[in-house]
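Student: I have a new structure open and would like to learn how to read it. Could you take me through it feature by feature?

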Amino acid sequence: MFKGLSNIAGMMKQAQEMQAKMTEVQESLKDLQVSGEAGGGMVKVIANGQQEIISCQIEPTLLESGDREVLEDLFVSAANAALANAKEAASEKMSEVTQGLNIPGLQDALSNFGK
């Protein structure tokens, strides 16, 4: 009976350590930067690991063309690519924290992180 309590105490300690590490990783995601590009690099969007857009760079020739619709489409594509890259990077960082833990459904939950 006491062996079972020891296992539970160990699991709780492990869960607390994992929670602290996950909080640390979530904070570090602010500093992680990923990019997404469209139009052969004419539009580049930078996002952080928390899936926030940080900046956008637009090739001056694209602005000079005056084709607003093309620019809008390229921005949306670049932003979606940057956010997808941010989501993937965040998922990888979170799975590093949980490596070695065999908790049912945990990997699925982490793959949905930030949705």
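Tutor: Let's go from the overall layout to the sheet, then to single residues.

Student: Before we start, what kind of model is this, and how are the residues numbered?

Tutor: This is a predicted model, where local features need pLDDT of at least 70, side-chain atom pairs count only at pLDDT 80 or more, and totals for chains, interfaces and linings use all residues. Residues are numbered from 1 along each chain as its sequence is written, and side-chain values use heavy atoms, with hydrogens and water left out.

Student: How many helices and strands does the protein have?

Tutor: Helices (H or I, at least four residues) and strands (E, at least two) are DSSP runs, numbered from the N terminus. Here you get 4 helices and 3 strands, and from the N terminus on they run α-β-β-β-α-α-α.

Student: What share of the residues counts as buried?

Tutor: Check the cut-offs: buried means under 20% relative accessible area, exposed over 50%, and partly exposed in between (1.4 Å probe, protein chains only). Of the 115 residues in this protein, 24% count as buried. As for the accessible surface (Shrake-Rupley method, 1.4 Å probe; for residues, only the protein chains shown count as cover), the protein comes to about 7,900 Å², and 52% of that belongs to carbon and sulfur atoms.

Student: Now the sheet. In what order do the strands stand?

Tutor: The general idea is that strands of a sheet pair through backbone hydrogen bonds, either parallel or antiparallel. For the pairing to count, DSSP must find at least two bridges between the two strands. In this structure, 3 strands form an open sheet in the order S1-S2-S3, with antiparallel pairing. Strand S1 (33-38) and S3 stand at the edges with a single partner strand each, so one side of each has no neighbour in the sheet. From one strand to the next, the twist averages 20°.

Student: How many bridges join the strands?

Tutor: S1 and S2 are joined by 6 bridges; there, Val34 has Ala47 in S2 as its bridge partner. Between S2 and strand S3 (residues 53-58) there are 5 bridges, and Val43 stands opposite Ile58 in S3.

Student: Which helix lies across the strands?

Tutor: That's H3, which lies across S1, S2 and S3 and runs at about 145° to S1. For such angles, axes are lines fitted to C-alpha atoms (for helices over the stretch in contact), and angles run from 0 to 180 degrees between N-to-C directions.

Student: I see Asn48 in strand S2. Is it buried or exposed?

Tutor: Asn48 is buried, at 5% relative accessibility. Contact means heavy atoms within 4.5 Å, and, leaving out residues up to four places away in sequence, Asn48 touches Leu29, Lys30, Leu32, Gln33, Ile54 and Ala86. A polar atom of the Asn48 side chain also lies 2.8 Å from the backbone nitrogen of Gln50.

Student: Where do Glu72 and Arg68 lie?

Tutor: Both lie in helix H3 (residues 68-97), 4 residues apart, about one turn of the helix. Glu72 counts as partly exposed at 40% relative accessibility, whereas Arg68 counts as exposed at 62%.

Key: Polar contact = N/O pair within 3.5 Å; in protein donor to acceptor, adjacent residues only side chain to side chain.
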